[in-house]
Amino acid sequence: MAEKPTTPTRVTYDYVTRTIARTLSTPSRGYFLLLGAAVALLAIGIITLLYLLRYGLGLAGYSHPVYWAVFITCFVFWVGIAHSGTLISAILFLFRSGWRTAVYRTAEAMTVFAVMTAGLFPLIHIGRQWYFYWLIPYPNERGLWPNFKSPLIWDEFAIGTYFTVSTVFLIMGLIPDIAAVRDLATGWRKKLYALTSIGWTGSNEQWRHYTRGYLYLAALATPLVLSVHSVVSWDFAMALVPGWHATIFAPYFVAGAIYSGCGMVITLLTPIRKLFGLEEIITVKHFENLAKLCLLTGSIVGYAYACEYFMAWYSGNPTERAAFWYRAFGPYWWASWTMIICNGFLPLLLWIKKIRTNITALFVISIFVNVGMWFERYVIIVVSLAGEPFTKWTNAVYNPTWADWGVMAGSFGWFFMWFLLFVKNFPAVSISEVKEVLPPPRAKPSRVHA
Amino acid sequence: MMALPKPLNDLFRPPPTPGMLAVFAQLDTTLDAIKKLRAAGHTDFTVYSPIPRHEIEDALGQPVSPVRMFTLVGGIAGCSIGAWITLWMSADWPIVTGGKPVGSIPPYVVIMFEMTILFGALSTILGILLNTLFAARRAGTILYDPRFTNDRFGIFVPAGSDKAAKVESLLRDAGAEEVRRG
C-alpha cells in the first residue's frame, strides 16, 4: 500500500491506536440521546408492525393496481445503501486506494446493518411472515421446490449471500483491531475483546494467511456487490411493466446504489468524526474522495434518467411513451422531479472544489442524495404500477398511509440503533489499516520514501 | 488469561516453548534482526507486527499461503452445488413456466454465481482459521507483548538455555530495545 509522506508526524502508530480506542470509552449524553431516538423510532415501527399483523396489509395504502409500494421501495433503498460499503472495502482495496482505510470500517458496518434492514421488508411485504421459509429450498411433504426461473428466488440467494459475505468480511477486518483494543482495555471489556479477537497476536503466520485470505475475500466480494443490485433490478426488469422492462436496469441500479451509499457514508461519518474527535484520521481529503465517488455515480444515474426518457420517445411505442409522460407530468410529478433534481442535478454541484471540501455542504447534499434515491425507487415502483397502461383499472390514486410511514420510520430506527451500538463497542475506524498508510517507524530514513 | 474447558485448552493452548522475545521500535531494525537470524540458521522464529508489511514477508521468504486452495475448492464446490440444486430440483418437480425448458441454464447461472461466491468466501474463512490454528500449534505457546498490536515489532526465537545467550546478543546487536526470556 502506498505510503503518504505528507501525513503529519503527530499521527504515529501509537496516536492511531489510542485515538481510535478512545472512541470506545464510556458514552456521552449525546450518544444516549441519539440511541434513545433510534430506539423510539424502532418502537414506532414495531407497534405499526403489530397492527399490520393483527389487521392485515390492508392498513398499508395498497390500492389496485399498486401492490408493490413503500415496503418494496424501502427494501430497494436499504439494499442500495448497503452497496457503497463493499465498494469501498473490497473494490477500492483491489485498486490499492490508500484513502479507503480511514472510512471503510464505517462503510462496511453500514453495509451489514443496511442489509439487515433491507431483509425485513420482503418479509413485511409478504403479509404472512410466518411462511417466510417457503423461499428456502427445503424438502417438504408435497415435494415442491422453489421456481428457480423467478427473479425473486435469485434475489433471495443474492441478498442471503451478500449478507453472509459482507458480515464475515466485516468480522475479518475487525479481528486485528479488536486485538489492538484488547491490549489496551481493562475489566469486562478486556474479556469481551479477548474472546472476540480469537487469539490474534499479529504473528507473521497469522498475517501471511490473513492477508491472502482477505485479498480473496475482496476478490469474491467485488463481483458480488455488482451482482446483488443487478439481481434486485431484475426483480423489475424481468417483468413486462413499462418503466421496468429495460436492459439498462442493472448498471443503472448499481450506479444508483453506490451513489446513495456514498451519500449515507458522508451522512454517518460527519457526526462520528466530530463526536469522536477523529479529525486527524478522517480528513477533508477523505470526504472529498467520497464526494468524487458521488459525483461519478450521480452522473451515471443522471445519464440513465436521460436514457430512459430518450428510449421511451425513440422506441415509438405508445404505451412506453404514455408511461413516461405519466411519470413526469402525471399525479406523481412531484416525486419524479424530486428524484431528477436530487440525483440528476444536485451532484453536479460537486464539480466545484469549494463545495467538495466543505463538510457542512457535503452533509446537507448527502441528505438530499438519500431523499432523492428513496424517491427514485418510489417513482420506479409505485408510479410505473400506477401509470399507463394501468390507469384504466385504477380505483383511486395510490397514497401511502400511516402504516407505511410507521414501518419506514421503524427501519431507520433499527438501522441507526445497530450502527450506534456498533461504533461504541467496536473500532469504527480500522486501526491496523490506517497504520498501513503511515510511514513505519525506522531508525534510518528509508531509501525509497525519504 | 481466561480458563478454557480442557478439550478447548488442549486445542488452542499448546504447551509452552522456551525462548527469547525481543521488542523492536523500528521496522528496519526488525528486518535486520530477521536477516541475521536467518543467516545464523534459525527458521522457526515468530515475527510480530501491528500491520502486515511486505518487507517482513520478503525477509522471511515464506511460500504463498495455501488459503488460495481453499478459495478455489470452495468456489468450484459452490458453483457445482448451485448447478445441482437448480437442475435436480427442476427435474424432481417439472413445471413448464414461460414456455422455457424445465432445466434452463441462463436463469440458473444467477444461482450458480451466488453459490460460488458464498462457498468460496466461507471456505476462505475456514482456510484462514485452520492455517493459523495449525501454525499456532506448531509454534507452541510463546511469549507475547501487548505492545505488538500498537506500535512495536517483536521477534520470538525458540531457544533452550544452551543457545539463549547467543540469541540474546544477536537480537541486541540488531537493535532490540528489550529482550526477555520465557
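Which residues does V265(A) touch, not counting residues up to four places away in sequence? V265(A) touches S84(A), V103(A), T106(A), A107(A), M110(A) and L290(A), where contact means that two C-beta atoms, placed from the backbone, lie within 7 Å.

## Basis of the model

This is a predicted model, in which local features need pLDDT of at least 70, side-chain atom pairs count only at pLDDT 80 or more, and totals for chains, interfaces and linings use all residues. Residues are numbered from 1 along each chain as its sequence is written, while chains are lettered from A and ligands numbered from 1 in the order in which they are written.

## Chain A overall

Chain A contains 15 helices and zero strands; these are DSSP runs numbered from the N terminus (helices H or I, at least four residues; strands E, at least two). The C-alpha trace spans about 80 × 55 × 45 Å along its principal axes.

Of the 450 residues in chain A, 49% are buried (20 or more other C-beta atoms within 10 Å of the residue's own; exposed is 12 or fewer, partly exposed in between; C-beta atoms are placed from the backbone).

## Nonpolar cores

The largest nonpolar core has 150 residues, of which A69(A), V79(A), M110(A) and V265(A) touch the most other members. Helix 3 (residues 70-94) of chain A gives this core its largest share, 16 residues. Apart from it lies another core, of 24 residues, among them A22(B) and I155(B). Such a core is a set of buried Ala, Val, Leu, Ile, Met, Phe, Trp, Tyr and Cys residues joined through C-beta atoms within 7 Å.

Helix 9 (residues 284-315) of chain A has 32 residues and reaches 46 Å from its first C-alpha to its last, close to the 46 Å expected (1.5 Å times one less than its number of residues). Its buried residues include F287(A), L290(A) and V301(A). The buried residues of helix 9 pack against several helices of chain A, including helix 4 (100-125) and helix 8 (249-276). G316(A), with a positive phi near 75 degrees, follows helix 9.

## Contact between the chains

The contact takes 52 residues from chain A and 58 residues from chain B. On the side of chain A that touches chain B, helix 7 of chain A gives the most, with 16 residues.
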